[in-house]
Amino acid sequence: MNEMWNNLPAEVFSEILSRIPLKTLLQCTSVCKSWYSLITSPIFIATHLNRPISSYQSRLLIVRQLRELSIKFHWTEHYSLHLDNDTLDEFAKLDFPFVSKNGCFNIVGICKGLVCLSDDHGTNIDLILWNPSLKKSVSVPNPSFVCEWHGHFGFGIDPVTIDYKIVRLAYLNKYRPPVVELFELSTGSWRNIDAGDFGYIILPGAQQAFLNGVVHWTGYNPNKSGGSLHILIVSFDLRNESLGVVQVPPCVQEDRDHWFMRVTVFGERLAFLHSDGDRSWGLWVMKEYGVESSWTKQFTIEGSRRPTYFRENGDILLEVRDVYSGGWDLVSYDRKSKLIKNVDKFGTICSFNVDTYKESLVLVKGLNEVLGRKENSGGAATCEETSIMPKEENEVKEKRKI
């Protein structure tokens with residue numbers, strides 16, 4: 001058997017391994033030194049990361065729900081993985097080892113197997129990059145600029161360099177350009193980005209939408225006169241590291257109530273959700289990115305149900321108020337049949353976060369060996385008889401600081 005594997009070309013052997021589920025792949029690292037070196041190499045991690053989901057595999061969704069404690073404004077956080085099938089079967093419960101100093105963590109973004117968490121307390125900010133599948137995380141150093149008014153984070157992966165990045169926009173006041181800083185996982189450090197005369201502001205509490213290497217937030221133009229905010233979308237391109245603006249549908253540009261709107265992604269296109277209060281939610285989709293005239297009303301969701309996630313099969317995950325308990329349930333809504341399926345998740349209002357999740361090997365060997373660009377795959381993977389697979393408690397529970 002060993003001879004058969006040893007005779008395979010390196011690229012063929014690597015291709016075979018990249019198709020194996022993550023749990024089995026981790027077990028393969030204990031076979032021998034060469035398998036461990038290959039599977040934990042930067043090139044293999046990037047190959048595994050970018051492999052599309054096969055037709056026989058179900059997409060995974062990561063679900064975060066908050067449950068209120070007896071202490072006011074404090075919650076317990078529960079994370080789980082679910083198959084994106086008709087019944088949203090639970091794939092795995094996730095151990096969440098972190099404790100917030102501020103009630104609960106804010107999910108900055110979820111991208112390619114990593115979850116970016118922030119916990120703001122006073123002028124300090126705790127930032128964490130977490131791979132829940134490996135039970136590994138790294139603490140990100142604080143940005144150099146101390147923000148006393150408010151700041152916003154965005155998270156995603158640069159599709160060109162295959163490097164994870166965190167961007168932070170901090171405002172001294174609404175009449176000056178933001179201070180922009182960028183963190184790269186490959187370097188483990190922050191650097192400043194020139195914002196020029198960029199004069200647009202991200203709305204407080206705005207959630208990000210990440211699409212094709214660009215982070216988006218709902219924002220506004222502070223220089224417009226009148227009582228409205230003149231709503232727009234602020235963007236940051238992780239590829240060329242530049243700020244930009246995308247116009248929202250004209251019918252919502254002058255809306256005064258920004259709590260009932262957010263930028264999102266629908267069918268791999270930029271989209272915008274807007275509510276008139278308790279009566280309905282409308283979804284607009286931008287058919288051609290950056291072209292204001294291409295906004296198209298996709299559909300309307302009647303009632304006060306809050307859209308949380310748009311599923312691949314066309315269904316929508318909604319937060320719905322339970323009239324008996326007073327809490328909120330997560331349900332799956334079929335737009336065609338108008339039927340609702342309960343997915344046995346409950347919490348408080350705005351307590352659910354749902355996103356696509358892909359298991360990855362990122363952080364398997366720690367920060368500095370994740371996505372390096374100088375290593376190569378080497379020769380054919382020949383098997384040695386010794387195993388150097390670390391013990392599980394060290395390999396999957398280690399928490400390293402930058």
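Reader: Are glutamate 77 and arginine 64 buried or exposed?

Author: Both glutamate 77 and arginine 64 are buried. Buried means under 20% relative accessible area, exposed over 50%, and partly exposed in between (1.4 Å probe, protein chains only). This is a predicted model, where local features need pLDDT of at least 70, side-chain atom pairs count only at pLDDT 80 or more, and totals for chains, interfaces and linings use all residues. Residues are numbered from 1 along each chain as its sequence is written, and side-chain values use heavy atoms, leaving out hydrogens and water.

Reader: How many salt bridges are there?

Author: Side chains of opposite charge can pair when their charged atoms come close. A salt bridge here is a side-chain nitrogen of Lys or Arg within 4 Å of a carboxyl oxygen of Asp or Glu. By this rule there are 15 salt bridges. One of them joins glutamate 77 to arginine 64, with the closest N and O atoms 2.8 Å apart.

Reader: Which residue does lysine 165 meet in a salt bridge?

Author: Lysine 165 pairs with aspartate 158 (2.9 Å, N to O). Lysine 165 is buried because its relative accessible area is 3%, and aspartate 158 counts as buried at 2%. A network of salt bridges links Asp158, Lys165, Glu184, Arg191 and Glu241.

Reader: What about lysine 101 and aspartate 126: how far apart are N and O in their salt bridge?

Author: Their side chains meet at 2.8 Å, N to O. Lysine 101 is exposed, at 55% relative accessibility, while aspartate 126 is partly exposed, at 26%.
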